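Student: Could you walk me through one loop of this protein at residue level? After that, I would like to see how some other parts of the chain are built.

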Amino acid sequence: MDRIEILSNHFNNELISNPTLATNQNNNQNNNNQINNNIVTTNILNNLEQKKLTNKDLEYLTDLLIGHPDELLRSQREKIVEALKDPIFQPQLYASIPEQRELAQKRLLKISEAQCLKLSEVISNYKRFSMFHGLLVYSDMSLAVKSAVHWGLFGASIVCLGSEQHRKYYDAIDNCEIRGCFALTELGHGSNVRGVETIAEYDPEQRQFVIHTPSDTAQKIWIGNAAIYATYATVFANLHLNGQDYGLHPFMVPLRDPKTMQLLPGITAADNGPKIGLNGVDNGRLWFKQVRIPKENILNKFGDVSDDGTYSTPIKNPNVRFNSMLEALIGGRVSVSNMANSCSKMGLSIAVHYACTRRQFGPSGQKEQLLMEYPSHQRRLIPLIASAYAYQISINYITSKFQNKTEKDARDVFMLACGFKAAVTWNRVKTLQTCREACGGMGLAASNRIGLLRADSDVDLTYEGDNTVLMQAVAKALLVEFRSYFTGSKRITGMLSYTYSKGHIGIFLRNKNFFTKRLSSETHLMDADMLLDAFIYREFKLLRILIKSLRDKMKSDKMTSLQAWNHCSDLIQQLSLAYVERVTIEKFLEEIQQSPPSTKPILTSLCILYELTKIEEDMGWFLSNKYFAPVKAQAIRNAINKVCYSLRDHALPLVKAFDIPSQFINTPIQGDWVSHFSNPNNY
């Protein structure tokens, strides 16, 4: 927390930025890559109502959502889809919990037989890895999570935290001869990883590490695959050498005999029992009683021990080493985001198909109206379609950035992965709940899957990092970047440079323009660049408010930096979400610039709808900070209704562009539901 105190002391009461720097940035903004504000035409809504999406347009949208795959990635996707056509991947709605677990395990083994993934490519071909798990969601969320634990957590820990000596395990992991789990969380400590208690003490005479659970609160808990099927675990434990604690390190620990599946000596495992969802995953608890493992089983990329017990590390600073170790596994959060958005897309596909065939009410003596014809239904579903597109574009960007990351942009990737994991999973909750309600009683049926998806995916809010805690990490990083920008102590990284190169002084001046505040014409509100300014303003001002609040609490209220931080938790969450939403819009607009003319209107409309909806959700902030006049707030609500109405006939093509494999578009309400439910034997 000392960096917060340093940061707070740096700024004066007014938090005035460097005027020369700001002026130069403003004067030079035309030389920067700007969003082309000509992409929005005044008659965009009319164009939408008159134009139908062609097959070529839909193919482009599908490619966009997949991340513009090359031929190799496209063929790999087809291979995965083909493998998922096996009957074993079809839903079994009445399976008991033991049957669900056995089925998920059989599905995992079937996938390994198809050789869709290679552990050696988990980083270099991360796009395929993320795409793979996004597709598994359409079949079975339990399967997707089991696979993500096996390859994405356990397997990736071997790759990212181990060294050349551990490559010998890759093939056995790929073909599931070794079945892994990831043992970090303990009963007493989850988000606070530094509080982990498990001990790994080195015995130089035997050249072995001794893994031990020193207390009941040190038991590993909620470990996916651990209750029944895992034969190995990556166990995080505090390394003890000659009475000195060197902090958390990862170790490969055998759990079960792979032939008999009996627990090995010193290992105790227990089942976490039935859950609210995801019951195909055997979450378990683990205790270690003086369990000995070979010296070579330490995953030694960031720290190693010689035969005689001498410690060595390429990173001398223990805090930097700790952060580097955890950040090496950041890809898991990117994958969770992609899986969550797949859940949203599945729910939307089901709800929109139903809304385009289900009729209810209408003029007397006439045909009843389709649900999608009702403005209230449009308002429920179409903004969520826009969000699914917006977040997928950003997820693809982060995936590519992670796959090709360098040391220079490591912090950017960290901020993006943390922020979007939280935002996309929160959006998934909202999307599935709305879709379930939009389908009425049909949304309650397990055969229509929305409820099952909602329950099975609920874990993504807290695994791979609790969302609220992740947003705190984003805010801390933003504060450091802010300080770097104004002090010049460190070159600013990419995620904030665009915001400030936009010319923040100009945005603040426009905010004071009475005419702009009240301007509510359709042309004005359909300007994506104008709307982006609102997000830049909000993020920038929240940063300033947070810094001032931290400083005041420490100087005036005599709080410690930790106390001040905790008392600003509401601002911290607001700021981090503002950052994510601003980046989402920027990436969406960049994508639109590169799109063919035929798809620009539909993509621009989706982007504008995302912007307008997010502004409406936080309208209280914009009004209280006098960025908008009340008359403009009402105009924004009306604009959302207009955009939704103009997109109503495009809703079905837009969800078809999700390209969910045909074998999983199999719920009754996605097809001829009248015929389906006319059969008494169907459910």
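Tutor: Happy to! Helices here are DSSP runs of H or I with at least four residues, and they are numbered from the N terminus. Please keep in mind that this is a predicted model.

Let us begin with Val122, which is found in the loop between helix 6 (97-114) and helix 7 (126-139). Is Val122 buried or exposed? Val122 counts as buried because its relative accessibility is 5%, and the cut-off for buried is under 20%. Leaving out residues up to four places away in sequence, Val122 touches Phe129, Trp151, Ala156 and Val159.

An unreviewed UniProt entry lists Thr185 and Gly224 under "binding site". These positions are spread over 40 residues of sequence, yet they cluster in space, with a largest C-alpha distance of 10.8 Å. Thr185 sits in the loop between strand 1 (180-183) and strand 2 (199-203). Thr185 counts as partly exposed because its relative accessibility is 30%. Its contacts, with neighbours within four places in sequence left aside, are Gly190, Gln219, Lys220, Ile221 and Ile223. Gly224 belongs to the loop between strand 4 (220-223) and strand 5 (232-241). With a relative accessible area of 11%, Gly224 is buried. Beyond residues up to four places away in sequence, Gly224 touches Val149, Cys181, Val281, Asp282 and Asn283.

Strand 2 leads on to some sheet pairing. Strand 2 and strand 3 (residues 208-212) pair in the antiparallel sense over 5 bridges. Within this pairing, Tyr202 has Phe209 in strand 3 as its bridge partner. The hairpin of these strands has 4 residues between them, and Arg207 there takes a positive phi near 55°. Strand 3 also pairs with strand 9 (residues 291-294), in the antiparallel sense and over 4 bridges. There, Ile211 stands opposite Val291 in strand 9.

Asn467 is buried, with a relative accessible area of 1%. Not counting residues up to four places away in sequence, Asn467 touches Lys421, Ala422, Thr425, Trp426, Asp460 and Leu461.

For the surface, look at Leu452 in helix 14 (residues 450-456). Leu452 is partly exposed, with a relative accessible area of 35%. Together with Leu93, Tyr94 and Tyr683, Leu452 forms a nonpolar surface patch with about 430 Å² of accessible area.

Finally, here is the whole protein. It has 27 helices and 11 strands, and buried residues make up 56% of its 683 residues. Among contacts between residues at least 6 apart in sequence, 77% join residues at least 24 apart. The accessible surface comes to about 28000 Å², and 50% of this belongs to carbon and sulfur atoms.

Note on methods. Residues are numbered from 1 along each chain as its sequence is written. This is a predicted model: local features need pLDDT of at least 70, side-chain atom pairs count only at pLDDT 80 or more; totals for chains, interfaces and linings use all residues. Side-chain values use heavy atoms; hydrogens and water are left out. UniProt positions are given in the numbering used here, feature names are shortened, and annotations may be inferred rather than shown by experiment. Helices (H or I, at least four residues) and strands (E, at least two) are DSSP runs, numbered from the N terminus. Buried means under 20% relative accessible area, exposed over 50%, partly exposed in between (1.4 Å probe, protein chains only). Contact means heavy atoms within 4.5 Å. Patches are made of residues with over 30% relative accessible area and no salt bridge: like charges are joined within 9 Å, nonpolar side chains (Val, Leu, Ile, Met, Phe, Trp, Tyr) within 5 Å. Accessible areas come from the Shrake-Rupley method with a 1.4 Å probe; for residues, only the protein chains shown count as cover. A salt bridge is a side-chain nitrogen of Lys or Arg within 4 Å of a carboxyl oxygen of Asp or Glu. Two strands pair if DSSP finds at least two bridges between them.
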